[in-house]
Every structure is written in C-alpha cells, then in structure tokens.
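Student: I am new to this structure and would like to learn how to read its features with some care. Could you take me through them step by step?

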Amino acid sequence: MLIFYQYDIAFFGFGQAPEISIKLDGDDVRKTAKIRSEDGGQEVHYLFYDGEPVSGTVNIAVKKRLDHQGIRIEFIGQIEVYYDRGNQHDFVTKVKELAHAGEITQNTSFSFDFQQVEKPYESYIGTNVKLRYFLRVVVVRRLSDIVREMDIIVHTLSSYPDVNKSIKMEVGIEDCLHIEFEYNRSKYHLRDVIVGKIYFFLVRIKIKYMEIVIMKKETVGVSPSVFTESENIAKYEIMDGAPVKGESIPIRLFLAPYELTPTMHEIANKFSVRYYLNLVLVDEEDRRYFKQQEIILWRKQDKAIRHTFLEESEGNEESSPSPGSSTSKG
Amino acid sequence: MNSGGNNGSGSSSTSSGIAATQRIPPKRQTLDEAYAPPANFLEIEVLNPITHGVGKTRYTDYEIRLRTNLPIFKSKESSVRRRYSDFEWLRGELERDSKIVVPSLPGKALKRQLPFRSDDGIFEESFVEERRKGLEVFINKVAGHPLAQNERCLHIFLQEPVVDKSYVPGKMRAA
C-alpha cells in the first residue's frame, strides 16, 4: 500500500520549494490502520504500538540551491482540544538533528532512528479532542521554516482483563415495571459479542419495543470547565411488542460493525472516552424508560503480534462466566 | 437450553464463532404467567357529550368511562361525568404537583364563545366531537403515565363522583 505524504505549498512566484518526503523503514510490510478524520472521512496511516522504534529516511529533492539554518526531525505525540486550538499539549517529543546550518545543492537523504519510542496512548479523533502522533521535518530558514508532517496511528493493546464479571441488575419503576437485565461481561473487546438477557418480573405498562443503544461519552477538560459530548453509536432493537411477566428476551449484539475505540480514562488529565449500554423501553405513548450501564471496551492483542500471550488470553476468553455467580444490585 | 461456549474452547478458532449461538439460559416461564391476562390493561373512553342548562349557564359534559386491571385504581370499572373545566383543573394540579410534563389540552375556544354567531358556538356538534377526541387522547396519555398514577388528583378526577377541588393533594399507594 502506498501512502503519499506530500503537502506541497507552491509559493507564489517560486515554483521551487524543495520536495520533502518521509519514508519509513519496512513500510512495505507495516500494517496500516484507519481512523475517522475530523471532517468525517477516513484517514489511513501506518500503525505502531508502544515501545516500537520509529525509523526511516527523509528525502529532500531540491530544484535549486537551498540555504538553511539546520534540519531536524521530530516525533510528537500531541493532544489538541478543539475549543483551545492554539494550545496543544505535547506529551511525547523527540528530536533528531539531521543537518547543521548549510546548504543543499542536490537531492539528499537523511536517515533517522528513534529507538523505543514511548507511545502511551491510543490515537483518537473525537468531537472535541484529538490525540495524534506524527513525524515532523523542519527545515529552518531565515524567513519561514519549511515543515512537513506525517501522521501515524498508535493502538494500545491490553491483555484479557483479570476481573470480568457479568453485569446483573434488577431495576424498575415501583409497581409499574420490574426487570432484571444481565450482560455476560463488564469488559468487552472491540470485536466482542454482548450476550445477555432481559427478564420481566412485572409489566404494568404497554411496551411497544425495547432497544439497546451503545452510547459514547467524550469528556474534555477538568472540572469545573468540563465539556461532555454524547453520541449514540448504535441502536439495536431487541424486542418488538409487549411482554408479560416471566418472559425472557435474549440479547446478542456484535460489536465489530460499529466504530468503537477502547475506553479511555483520564488521558493525560485531558479527556476521557467512555461507553455505556443504554437499555431503552418505549411504551405506546412513546414514553421512554431506560437504564444506563457503563461497559469497558478494550483492544485485544492481535494474535500475530504477541505469541507469548496467545494461550493465556485464549483460555480466559472462552470461559464464559457462570450465570448468577456475580450479582450487583443497583 | 443452549448454554453455548462453555465447552467448545479448544476446537473453535474464534470467539465470535461460539458467541454466534451463545445465550444466557433463560428462566422458564410458567404456564400461568404465559396465559394469564396481561397486567397492563387500562382503557379510558370519553363519550356521550350532553349539554346541560339554559342560557348563560349552558355547558357540555362528557362521560369518562374507565376499565383497568391496574391495582393502583380503587375500582376496576368506573364512569363519571366531567366538563372541560374539570380537565383544566386536573391539568393544573398535575402541572403543579407532579414532575411530569403534562400534555396540552385541546385548545380553549374563546372565539366560539363570542355572541351573535351564526352557528351554535361551543355547542356545535362538530366542535364537541373534536374536543371529545382531544380530551380522550389527553386523558389516556396522562392516566398511563407511571408518575401521574401516583397523584391523588388523577384518581379523584377519574373515579370520584364529584371533583372535590378542595382536596388534600397527595400520593396514592397501591392497595
């Protein structure tokens, strides 16, 4: 797969700005990943994990002599909050000097190598916040620097969570509607399946249908100035019609088709992304009865990457919790 | 009952392969539960508009007929007569005491009460019918609301022979 990172700005009257491109080592075998871009489209970039080295070459193609005060490449991990655009928070910065002040008269390549780069957080593009990693080449010049950037995507992996109880709860409106709901886990990986059921103890309203909504809540900032953005990722109808006492409604909701990210909690004290399952019952007068329950989403290790953990995570994964073993009342 | 993925861990390669048929074993529904009449029966009709009185004190009232099996209602069947202003009273009480957003009534017909009309004004048959339908929609929405069902004023309105406007507001408890 070929990806071009050439953002050429043709300065008016000078058609001779140097072409700067960044080529990563092993880019022919490196995986790519998609991410939702700010304008709603999709961007594809190379995929990295925490600790992996980032190395490659910078190619500078000149059309005529290029005077400069130094050339450097930076690896940056950055959080940008949209209502505060000018003020970015860099949580990782690594700099390599490529050349001292001088001039470039012909096409030149510089190799760079950032060893064991810390990438503690997952790339994320949200409604109010963006966390991204990129390489930036800066050619320092007297008037205006020439800057080229190349984005990469970082995924954070988790192993199978130690504690993964089912969620079981009895909720309702007194003398009106009593239900018990159960989800087989509290932590799901991004391609997991939510298996659950709803059991009706008491139904004194005329229910029209019932659905499960996956809700994403993005919280940006620290109190008291907190911005929360809720988004319904999925609506999934699990029941059509009015049940009576004693009925059980099965739930099986596949997460893979939806655009989900792992749950992110207090990333660099800047933002959080949380997911909730919202169980909604709608009655014949369109009144809505609901119960929200947070679930933790995590990114499962790809089997090809970490062979050592394969057995362990597989073993845990398939043993589904025994029903009724863990009950939380709320 | 299919309890799915508890045993097939070794053979199946992907977790979704198991999860595709997995389910939490349901509790068995008893036959009594399955065949008993539903416990959510509540029907309210607004019918029989009758115009009473003469001259300036003329007014129309409607029969409110209720049938239910909800235990919160004192009697399972009732029939009372109410006029538009009683509906307004109910709406006012609910708006004040309960925390629900009360639906609106069919509009008040001020213009129809002006003198020297060519028709019967607020006693015109088509108008009464339109209003009856609106009141029926209103009272069904209100009476079906779980929070409104706790309010004493709703029960007075639906089931007491006379609306006692100096009642003590309060909550109902199911018997």
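Predicted model: local features only at pLDDT ≥ 70, side-chain atom pairs only at ≥ 80, totals over all residues.

Student: How many aromatic pairs are found over all chains?

Tutor: Rings of Phe, Tyr and Trp (its six-membered ring) pair if their centres lie within 6.5 Å, and planes under 30 degrees apart count as stacked, over 60 as edge-to-face and the rest as tilted. A search of the whole structure gives 13 such pairs. One of them joins Phe91(A) and Tyr133(A), edge-to-face, with 5.5 Å centre to centre and 90° between the planes. Phe91(A) belongs to strand β7 (residues 89-99) of chain A and Tyr133(A) to strand β11 (residues 129-139) of chain A, so this pair ties together parts that are 42 residues apart in sequence. Helices (H or I, at least four residues) and strands (E, at least two) are DSSP runs, numbered from the N terminus.

Student: Is Tyr133(A) buried or exposed?

Tutor: Buried means under 20% relative accessible area, exposed over 50%, and partly exposed in between (1.4 Å probe, protein chains only). Tyr133(A) has 0% relative accessibility and therefore counts as buried. A stacked pair is formed by Tyr124(A) and Phe271(A), with 5.6 Å centre to centre and 20° between the planes. Tyr124(A), in strand β10 (residues 124-125) of chain A, and Phe271(A), in strand β21 (residues 271-283) of chain A, are 147 residues apart, and their pair links distant parts of the chain. Tyr124(A) is buried at a relative accessible area of 1%, and Phe271(A) is buried at 2%.

Student: Which residue lies over the face of Phe48(A)?

Tutor: A charge sits over a ring if NZ of Lys or CZ of Arg is within 6 Å of the ring centre and within 35 degrees of the ring normal. Arg30(A) lies over the face of Phe48(A), at 3.8 Å from the ring centre, and in chain B, Arg83(B) lies over the face of Tyr59(B), at 3.9 Å from the ring centre.

Student: How should I read the packing of two helices?

Tutor: Two packed helices are described by the angle between their axes and the distance between the axes. Axes are lines fitted to C-alpha atoms, for helices over the stretch in contact, and angles run from 0 to 180 degrees between N-to-C directions. Helix α3 (residues 84-97) of chain B packs against helix α4 (residues 125-143) of chain B at an angle of about 30°, with their axes 12 Å apart. That makes α3(B) roughly parallel to α4(B), where angles under 35 degrees count as roughly parallel, over 145 as roughly antiparallel, 65 to 115 as roughly perpendicular and the rest as oblique. Contact means heavy atoms within 4.5 Å, and the residues making it include Phe87(B) and Arg91(B) of α3(B) and Leu135(B) and Phe138(B) of α4(B).

Student: What does Arg91(B) touch?

Tutor: Not counting residues up to four places away in sequence, Arg91(B) touches Val102(B), Pro103(B), Ser104(B), Leu105(B) and Phe138(B). Arg91(B) is buried, with a relative accessible area of 19%.

Notes: Residues numbered from 1 in each chain as written. Chains lettered and ligands numbered in written order. Heavy atoms only, no water.
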